[in-house]
Every structure is written in C-alpha cells, then in structure tokens.
Amino acid sequence: MADEQLLFGSSCPLLCEVGTSTENNESSGCRNSSSEKASEDTGQAGQQHMAWAEKRAHACAPAAPLEGPGSRDSARSHGSSDNMAAPGSGLTRPRRVPLLLLLLRPLIIGAVGAARGLGSEAGPAAADAVHAAGTCGCGSPQRPGTAAHRYSREANVVERASFERPVLPPQMAHIPAGVFTMGTDDPQISQDGEGPARRVRINSFYMDLYEVSNAEFEKFVNSTGYVTEAEKFGDSFVFDSMLSDQVKRDIHQAVAAAPWWLPVKGANWRHPEGPDSTILHRQDHPVLHVSWNDAVAYCTWAGKRLPTEAEWEYSCRGGLENRLYPWGNKLQPKGQHYANIWQGEFPVSNTGEDGYRGTAPVTAFPPNGYGLYNIVGNAWEWTSDWWTIHHSVDETLDPKGPPSGSDRVKKGGSYMCHKSYCYRYRCAARSQNTPDSSASNLGFRCASSRLPDT
C-alpha cells in the first residue's frame, strides 16, 4: 500500500464494493474521510448527495472482493485493454484507484462549492484536493495521463499520416474576427479558474455548426479503421440511470462518493450504455466516449482541428457580451428551452422537460448568434488547451493556453448539468479531463483556420 499512500495521502482505497454495508467498507480501509468532510463543509447539498450515495450502495448486488496487492506490477502496464477491464472481471486496486481518485473532486468541492463560494477561502485542504483530483459529478470521469501519452504517441500519430481526406459538406460557420471579454469577474465555480475577466482578440476562423455526430464519426472509423481509446481500454464510464438492469448486475464496484458513474465493460462510442446498447437509432446524436486523442484524430482526418478554449468561448457567446448563456442571461426566455440540460433533482430524477433525458440530436434547440447548435448542454466538448486555473488580465491575441499540462480543457457542460450541482452550461464555465478519458457525456466539435477543402 506504500504507493497508494504516496498518491492519496492515506492508505484508504477509493473503490468500495457495491452492495456492502458502510461498516464493511470501513473495516476494509474504505472509510472515506473526504466524503465525511464533504458532508461537513457543503451543508444540505452535501448531505443530500451522501444520502443518495448510501442508498445506491445498499441497493446494488453483492460484490466480489478486489484483488490484493500481488497484482500491482502487472497493473502498472497501461498498454493493454485488459488492464482497464471492468471491476467485475477482476480489476486490480492499484490500476483503477488512481483513475477513480480523480472522480472525487466535484463531489467535495465542485458544484456544491460553487454555491458556497468554495475556493481560496476554503483553506489548504480544499485547495490541495482541487490541485490533486480531477472532475466528475455531471462532468466526466478521468483516466491517468500515462496511458494518454502512450496511445497518442504510439498508436494514433502514425496512423493519422495515412488518413485519406474525407468528402464532407462544409457545415461550418464563419466566426468573424473580434475582441471579447473571456471569463468572468463573478465566477460561479471559483476553483475552476473562471476568472478573471480579460479582453481577448480572436482572428476569424470556422467552427462546426454541430457537435460531431455518431454518423459522421462512423464515416471516419469506416474510412480509417480507427479504434478509440475506450475500445482499447475495454471499458468506459456510464451514468447509472442510463444502464439496463442486466448491465448493472455485472458491475460490482463503484466510487463511494460518485455512485452514478459506473465503469462499464464494453461501453464505447458504438455502445454508449454498454454491450446491450446501440447507436442505430441515434445516428444524429453526438458521438460519446471519445477521448481528447480520439477527437484530435477525427479532426485531423477531416482537415480540421480542435478549437482553442478562447475560440470556443468566443463562439459560444455568439456575438453577445457579458452574458451567461449563448442566448442571453435568462435560462428559458419566454418559457422556451434552449439547451439540453438536467431538469429535476440531480442525480435522482430527470423530468426531461426539455424533451430529452439523455443526449439530443445535434440539430436540436435554437442556434446561437453565430449559427452554432448545442454549444452548451448535450455533451461536453473538448478544446485544444492544456488546463490551468491561472490567467493573465492582460489583453491577448488568440491565446492557446499553457505549453504543457496533464489535463485538457473541456467546455459547455452536458445533459447531466443542473444549477444545483454542476452549473457549467455557461459560456465562461470550464472543466477538465485527462486526454485519454471517455464517458457517456463527453464529445466534441471541430474548428479550422480556413474552410477545409471538399
């Protein structure tokens, strides 16, 4: 357990067996002090979350025990999908625990922290948790960054060079050059680095009207034989309520503090909710379970690229200045829904008042002032920037983020976002994931400095 102590500051494993009592998990070293602190620090919202987590843990089927430390060495290898197998197939603790540590941050300091103004005022412990952990909740779970480096450098780069250019309609909007206020001086989730507000100049470019759909991604795969990272790893994360009872019965582990995110063996872009699901009736929905590396591979094939965070936010605002959403400050002008987000009580009940409980077609809902559809809500969208929470107030031209990092920026929120928990469907909002992460609410759209040849 020495290496786990180094990673987590304690010997407590963050993966607990689903279906066992709190006492049993505590006796095996799974007393989650972070979860306890969440209940103390976040008030009613934290208490509601912990109550839901306890209910979920008691509702699941009995679990098989985790393998012991004897498998640690083999679990360190990131090159095989066997090492990312679902918990029910004998997942080793050392391999999955670092991945799932990154799931805890928003439960403790994320959306609930936004309501409390949690950030620098929260003290060193919260600041350390922000620095060390990743994002989850209504966001997306993360994989460790080591595998991202291996897959991106060894598996995909060579293949991209031989990609044939596709014949695709130029469904891109011309985004005119301009200057805008990026970020905000009124951050809703301060630890996400939403501020300060700063002036940014953007050269003209092109942005996809729509999130990349299943149909378009399938053309790419059929043309190139590309295999996504979720397929290589053998699993991906899926929101609990989207799964069938049959799939749930085969899952025997969950994150104690985020039980709605379950690792599902066989979940990938073709099977968003696991092996018994299909995209045949969702060809016009956004492709999901795509990592940053997968998104870059698609954009390269299409003769495009991922947008920078600045380009994405400039596009999101649609020509408006200092507004919360792409259409203004009111979430539902004249009672109309403009984005696919969560209605009801997260994570217990989604009423689907906007017409969807999962993803919506990429053409759904009115476009913004630049003609872009679903720029917030529906699915998180990757950007090209490395993640940082430190921004200069000086005016910049086409900023591209820091030169290196461990996580990439994602923007826009998803169908799982709700103001009470994950208020990230605002243009200034932001979050991050490791480049090889994938989940059932994570997609992308492409940009280009010029209109690609067709």
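**Entry 1: Salt bridges**

I began with Asp192, which forms a salt bridge with Arg424, the closest N and O atoms being 2.7 Å apart. I note that the model is predicted. I then located the two partners in the chain. Asp192 lies in the loop between strand E3 (178-182) and strand E4 (198-202), while Arg424 lies in the loop between strand E13 (408-411) and strand E14 (431-433). The pair thus links distant parts of the chain, 232 residues apart.

Are Asp192 and Arg424 buried or exposed? I took under 20% relative accessible area as the limit for buried. Asp192 has 5% relative accessibility, so Asp192 counts as buried. Arg424 has a relative accessible area of 3% and is therefore buried.

I next looked up Glu321 and Arg199, whose side chains meet in a salt bridge at 2.8 Å, N to O. This pair also links distant parts of the chain: Glu321 is in the loop between H15 and E9, Arg199 is in strand E4, and 122 residues separate them. For these two I needed the range between 20% and 50%, which is termed partly exposed. Glu321, at 29% relative accessibility, counts as partly exposed. Arg199, with a relative accessible area of 33%, is partly exposed.

I found both Arg430 and Glu309 buried. I then followed the shared partners: salt bridges join Glu309, Glu313, Arg317, Lys411 and Arg430 into one network.

How many salt bridges does the count come to? I noted 15 salt bridges.

**Entry 2: Helix H11**

Which residues of helix H11 (residues 214-224) are buried? I listed Asn214, Phe217, Phe220 and Val221. These residues cover an arc of only 120° around the axis, which puts them on the same side of H11. I then asked what covers the buried residues of H11. The cover includes helix H14 (292-301). Just after H11, I noted that Gly225 takes a positive phi of about 75°.

**Entry 3: His337**

I looked up His337 and placed it in the loop between helix H15 (309-317) and strand E9 (344-345). His337 has 18% relative accessibility, so His337 counts as buried. Which residues does His337 touch, not counting residues up to four places away in sequence? I recorded Gln332, Gln343, Glu353, Asp354, Phe365 and Pro366.

**Entry 4: The chain as a whole**

The secondary structure of the chain comes to 15 helices and 16 strands. The chain has 454 residues, of which 57% count as buried. I noted an accessible surface of about 17900 Å², with 51% of this surface belonging to carbon and sulfur atoms. Among contacts between residues at least 6 apart in sequence, 77% join residues at least 24 apart.

Key: Residues numbered from 1 in each chain as written. Predicted model: local features only at pLDDT ≥ 70, side-chain atom pairs only at ≥ 80, totals over all residues. Heavy atoms only, no water. Helix = DSSP H or I, 4+ residues; strand = E, 2+ residues; numbered from the N terminus. Buried < 20%, exposed > 50% of the residue type's maximum accessible area, 1.4 Å probe, protein only. Contact = heavy atoms within 4.5 Å. Areas by Shrake-Rupley, 256 points an atom, 1.4 Å probe, with all protein chains shown as cover. Arc of directions from axis to C-beta. Salt bridge = Lys/Arg side-chain N within 4 Å of Asp/Glu carboxyl O.
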